[in-house]
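Work through the exercises below with the sequence and the 3D structure at hand. Each task is followed by a solution in steps.

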Amino acid sequence: MTGLRAERVRRRTAGKVIVDGITLALAPGETVGLLGPNGSGKSTLLRLLAGVLAPTSGVVTLDGRPLPEAGRRATARRIATVEQHAHTQTELTVRDVVALGRIPHRRAWTTATTVDAEAVTAALERTGLTEQAAQSWHTLSGGERQRTQIARALAQQPRELLLDEPTNHLDIQHQLDLMDLVVSLPVTTVIALHDLNLAAMYCDRLLVLRAGQAVAEGTPGEVLTPELIKEVYGVRAEVTVDHGHPVIRFLRASRADGS
């Protein structure tokens, strides 16, 4: 069995179940969107998939091996993560940040190799950051910081990429640019999103969570129905189809009530 897989994973913290019995198998090269309201377990599931958290029960496997058996370094070489926010007080250039992605490929205290430098350069080019390589991280816009974090993940040369709401706090143009970049990457991607229309446009498959449980899984057309949106998010919406993708239009309370 190849790839990354979660089998009935459960995570309990401080007596509360955060993720409850979720199974997710990833096909090579697909983009899977994680949807659900705040507190539904999206971020925790991503951390379980990355091996940052251990499941209370169930197992996350990489090529059929439980992550603890695969080892931390091997897991870090295969799976890259991009968090919602990245901060540093250290004065780093964009290239410095991207070069952090090479750490899993080097022994402690060894200097960067030609292979490392080439991977960093390629990641900068892929994300359109070559001209900003010498620029200070602290001077970047929100969109540029997110692209830098994706470049850092690409320098890691992963086969799986996990992103936690990377479009938050970005304007519409930068959201679209970022999603265009993500789906163009030669990796298997799991991305937590709040925006249902972005998920419909860019994801091959969706997994919808509520209170830590999976309530729906399938293509955007199968999952994003008015009934599910009302059940999970508590709001009413109209769903139409444009160029094969669902388009969600939320209804104001007065209209939803028919007044």
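**Exercise 1. Helix 1 and its end**

Task: In this predicted model, find which residues of helix 1 are buried, and state what backbone angle glycine 51 takes just after the helix.

Solution: 
- Step 1. Helix 1 covers residues 42-50.
- Step 2. Buried means under 20% relative accessible area.
- Step 3. Glycine 51, which follows directly after helix 1, has a positive phi of about 85°.

**Exercise 2. The cavity**

Task: Determine how many cavities of 30 Å³ or more the structure holds, and which element gives the largest share of the lining of the largest cavity.

Solution: 
- Step 1. Searching the whole structure gives 1 cavity of 30 Å³ or more.
- Step 2. The volume of the largest cavity is about 80 Å³.
- Step 3. Its lining consists of Ser43, Leu46, Arg47, Ala50, Val52, Thr81, Val82, Glu83, Leu162, Leu163 and Asp164.
- Step 4. At least two lining residues come from each of helix 1, strand 6 and strand 7 (160-164). Helix 1 gives the largest share, with 4 residues.
- Step 5. Sorted by class, the lining of the largest cavity has 6 nonpolar, 2 polar and 3 charged residues.

**Exercise 3. The largest pocket**

Task: Give the volume of the largest pocket, and name the lining residues closest to its centre.

Solution: 
- Step 1. The largest pocket holds about 500 Å³ of space.
- Step 2. It is lined by 22 residues, and those closest to the centre are Ala50, Gly51, Val52, Arg72 and Thr75.
- Step 3. The elements that each supply at least two lining residues are helix 1, strand 4 (57-62), helix 2 (67-70), helix 3 (72-78) and strand 6 (79-82).
- Step 4. The lining of the largest pocket divides into 13 nonpolar, 6 polar and 3 charged residues.

**Exercise 4. Strand 9 and its partners**

Task: Explain why strand 9 can be called largely enclosed, and find the direction in which strand 3 and strand 9 run, parallel or antiparallel.

Solution: 
- Step 1. Of the 6 residues of strand 9 (residues 205-210), 5 are buried, so the strand is largely enclosed by the rest of the structure.
- Step 2. Strand 3 (residues 31-35) and strand 9 run parallel and are joined by 4 bridges. Leucine 34 has leucine 207 in strand 9 as its bridge partner.
- Step 3. Between strand 9 and strand 10 (residues 213-218) there are 5 bridges, and these strands run antiparallel. Arginine 210 is partnered by glutamine 213 in strand 10.
- Step 4. Strand 9 and strand 10 form a hairpin with 2 residues between them, and alanine 211 in the turn has a positive phi of about 50°.

**Exercise 5. Nonpolar cores**

Task: Identify which members of the largest nonpolar core touch the most other members, and list what isoleucine 150 touches.

Solution: 
- Step 1. The largest nonpolar core has 45 residues, of which Leu35, Val98, Ile150 and Leu161 touch the most other members.
- Step 2. Leaving out residues up to four places away in sequence, isoleucine 150 touches Val82, Thr127, Leu163, Leu178, Leu181, Val182 and Leu185.
- Step 3. There is also a second, separate core of 23 residues, with Ala6, Val9, Leu45 and Leu162 among them.

Technical notes
Residues are numbered from 1 along each chain as its sequence is written. This is a predicted model: local features need pLDDT of at least 70, side-chain atom pairs count only at pLDDT 80 or more; totals for chains, interfaces and linings use all residues. Side-chain values use heavy atoms; hydrogens and water are left out. On a 1 Å grid over the protein atoms alone, a cavity is a set of points where a 1.4 Å probe fits but cannot get out, and a pocket is an open set with protein on both sides within 12 Å along at least five of seven lines; lining residues have an atom within 4 Å of a point. Grid points are joined across faces, edges and corners, and a volume is the space filled by probe spheres set on the points. Ala, Val, Leu, Ile, Met, Phe, Trp, Tyr, Cys and Pro count as nonpolar, Asp, Glu, Lys and Arg as charged, and the others, Gly among them, as polar. A nonpolar core is a set of buried Ala, Val, Leu, Ile, Met, Phe, Trp, Tyr and Cys residues joined through side-chain atoms within 4.5 Å. Buried means under 20% relative accessible area, exposed over 50%, partly exposed in between (1.4 Å probe, protein chains only). Contact means heavy atoms within 4.5 Å. Two strands pair if DSSP finds at least two bridges between them.
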